[in-house]
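I opened my notebook to record what I looked up in this model. The entries follow in the order in which I made them.

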Amino acid sequence: MLQIQDIQANRNATVDRLAKRGKDFTTLIDSAIELDNRRRSTQVELDNVLAESNSISKQIGQLYAQCKQDEAEVLKAKTGLLKENAKQFEEALRAIELELQDVLYQIPNAPGEQVPEGKTPEENKVVYTYSEKPALTQKLPHWELCEKYNLIDFELGVKITGAGFPVYRGKGARLQRSLINWFLDEARDAGYEEIQPPILVNEASGIGTGQLPDKEGQMYHMPVDNLYAIPTAEVPITNIYRDIILKESDFPIKNCGYTPCFRREAGSYGKDVRGLNRLHQFDKVEIVHLEHPNKSYETLESMSQYVQGLLQKLGLHYRVLLLCGGDTGFASAMTYDMEVWSAAQERWLEVSSVSNFESFQANRLKLRFKNENGKNELAHTLNGSALALPRIVASILENNQTPEGIIVPEVLRPYCGFDIIN
RNA sequence: GGUGAGGUGGGUGAGUGGCUGAAACCAGUAGUUUGCUAAACUGCCGACCGGGAAACUGGUCCGCGGGUUCGAAUCCCGCCCUCACCGCCA
């Protein structure tokens with residue numbers, strides 16, 4: 001969530017930035033400001049009452065020590081009214097704070113300077129396109145290729161669990177494992193520390209990264225122990241830094257991690273979810289950065305370059321989108337999406353999303369650092385997929401298909417031990 | 001699952017009703033000195049929300065939530081969590 005101090009200090013700028021999302025947030029911003037003002041004045045009144053009551057209590061203690069019981073009794077009588085007052089102010093304050101929090105939760109992150117205005121995905125800006133569509137002699141969609149070469153059995157997954165839980169087998173399983181290993185090795189070479197986090201998280205972690213309380217329905221929940229299956233490694237990895245105060249010299253913190261990801265995807269259906277396009281369980285390597293606020297946009301660019309490097313080494317035709325305000329995620333200030341070409345489906349598939357959250361996430365997480373003035377300041381967080389497996393697999397299969405079989409990208413051959421799937 | 005112990009500041013850990021926002025030690029930090037890859041000494045050093053130009057100052061916080069009391073880290077109740085041992089087990 002946004003910081004109320006920032007909103008107070010830069011009311012107009014915040015409204016302008018938010019307007020890029022194609023919606024007017026003036027009313028919400030103003031009610032946040034109004035609530036914050038009320039919060040402060042109420043607190044001043046409360047504090048005064050408490051201060052008086054504290055000082056009387058201290059006097060009573062001293063009087064007892066001097067054996068002046070009578071005078072102590074007189075003071076005791078006075079405290080009754082103060083208590084009553086304090087209680088009222090306390091209740092009022094709590095109510096205002098809840099209301100303020102509720103308003104703040106409704107306000108999305110303010111888009112960064114470079115983010116184009118716009119409401120729909122059509123208004124996203126294509127900032128880069130790499131290579132060409134492959135020239136193919138055959139164009140089978142990946143689900144047919146999976147069946148033909150016995151790589152992924154979707155029906156079997158339905159039997160064991162349900163739709164969206166595919167079974168990878170043989171060379172399909174090995175290709176999957178190779179990609180994970182290669183992604184992790186690349187990340188390590190780029191200076192990321194590898195993390196193997198839990199894939200079930202508690203409620204506090206879900207709140208920390210913003211999945212809870214709102215997007216509860218998107219996660220698998222285990223009520224017996226009140227745990228949630230992670231929708232992305234971002235959740236456990238970012239929560240490592242919940243309630244932490246870093247030193248300035250700790251930056252940059254670079255973590256990566258492979259985990260399976262679980263998403264209920266309630267409400268999705270149709271052609272978009274065919275094959276590997278959308279799953280309930282999939283694998284992903286995630287990169288997470290914590291940065292000094294001065295450097296977060298520079299870091300966003302370098303993360304984008306890093307992800308693009310992976311796609312280039314895999315030889316995939318891709319493009320980079322700078323998302324417009326309206327398509328930028330709730331918590332993000334600026335997002336690049338990387339989309340690879342799916343030759344048989346003849347459409348772009350999103351395989352990575354790299355975002356700068358500025359201090360939006362850090363605010364909920366209470367992730368801070370001591371700045372040069374010795375003050376605690378919120379850190380900036382960024383993350384990105386590097387990469388999500390299923391659509392990468394889909395596009396490798398489709399783009400590299402030949403009548404003789406599917407050509408494995410060179411970088412993966414040492415990992416999987418074969419160079420063609422046939 | 002059973003039994004027991006416990007949750008205090010970045011860490012270890014003292015603290016059973018007012019003098020404790022909290023001893024001591026470690027870590028951190030600023031400086032002094034001696035000098036050589038460090039040591040000694042001294043000062044500072046929790047977080048959050050307010051007021052103030054500033055010096056400074058009010059309030060809250062000792063797992064969380066309630067209660068008793070003029071006053072609670074300290075007493076009472078509920079919850080959560082951790083650890084140890086036993087049982088089970090990859």
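**Entry: a pair across two strands**

I began with M338, which stands opposite S352 in β13. The model is predicted, so to speak carefully, local features need pLDDT of at least 70, side-chain atom pairs count only at pLDDT 80 or more, and totals for chains, interfaces and linings use all residues. Strand β12 (residues 334-342) and β13 pair in the antiparallel sense over nine bridges. Two strands pair if DSSP finds at least two bridges between them. Helices (H or I, at least four residues) and strands (E, at least two) are DSSP runs, numbered from the N terminus.

I checked the turn next. The hairpin of β12 and β13 has four residues between the strands, and E346 takes a positive phi near 55° there.

I noted one general point. In a regular strand the side chains alternate between the two faces of the sheet.

**Entry: the other partner of β13**

β13 is also joined to strand β16 (residues 380-388) by three bridges, and the two run antiparallel. In this pairing, S355 stands opposite N383 of β16.

Why is strand β13 largely enclosed by the rest of the structure? I counted the burial: seven of the 10 residues of β13 (residues 347-356) are buried, so the strand is largely enclosed. A residue is buried if 20 or more other C-beta atoms lie within 10 Å of its own, exposed if 12 or fewer, and partly exposed in between, with C-beta atoms placed from the backbone.

**Entry: the cores**

Which residues have the most contacts inside the largest nonpolar core? They are A386, L387 and I392, in a core of 79 residues. Helix α12 (residues 389-399) gives the most to this core, with six residues. A nonpolar core is a set of buried Ala, Val, Leu, Ile, Met, Phe, Trp, Tyr and Cys residues joined through C-beta atoms within 7 Å.

Not counting residues up to four places away in sequence, I392 touches L179, V340, V351 and L387. Contact here means C-beta atoms, placed from the backbone, within 7 Å.

There is a second, separate core of nine residues, and A362, L365, L367 and F369 are included in it.

**Entry: two open sheets**

F369 turned up again in a sheet: L246 stands opposite F369 in β14. The open sheet has three strands in the order β8-β14-β15, with mixed pairing. Its edge strands, each pairing on one side only, are β8 (244-247) and β15 (376-378). On average, neighbouring strands of this sheet are turned by 40° against each other, direction ignored. Axes for such angles are lines fitted to C-alpha atoms, for helices over the stretch in contact, and angles run from 0 to 180 degrees between N-to-C directions. β8 pairs with strand β14 (residues 367-370) in the parallel sense over four bridges.

I found another open sheet of three strands, ordered β5-β7-β6 and paired antiparallel. Here β5 (200-201) and β6 (221-222) are the edge strands, each pairing on one side only. Two bridges pair β5 with strand β7 (residues 227-229) in the antiparallel sense. L200 has A229 in β7 as its bridge partner.

**Entry: the RNA**

How many residues surround RNA strand B? I found 17, and the closest are A51, S57, I60, G61 and N376. Near means that the C-beta atom of a residue, placed from the backbone, lies within 6 Å of the molecule or strand.

α3 (26-65) and α4 each supply at least two residues of this surface. The largest share, 12 residues, comes from α3. By type, the surface near RNA strand B divides into six nonpolar, six polar and five charged residues. Ala, Val, Leu, Ile, Met, Phe, Trp, Tyr, Cys and Pro count as nonpolar, Asp, Glu, Lys and Arg as charged, and the others, Gly among them, as polar.

**Entry: two single residues**

N85 is in helix α4 (residues 69-106). N85 is partly exposed, because 17 other C-beta atoms lie within 10 Å.

Is Q138 buried or exposed? Q138 is exposed, because 10 other C-beta atoms lie within 10 Å. Q138 is in the loop between β1 (125-130) and α5 (142-148). Leaving aside neighbours within four places in sequence, Q138 is in contact with Q401 and P403.

**Entry: the whole chain**

I ended with chain A, which has 13 helices and 19 strands. Buried residues make up 38% of its 422 residues.

Methods: Residues numbered from 1 in each chain as written. Chains lettered and ligands numbered in written order. Contact = placed C-beta atoms within 7 Å.
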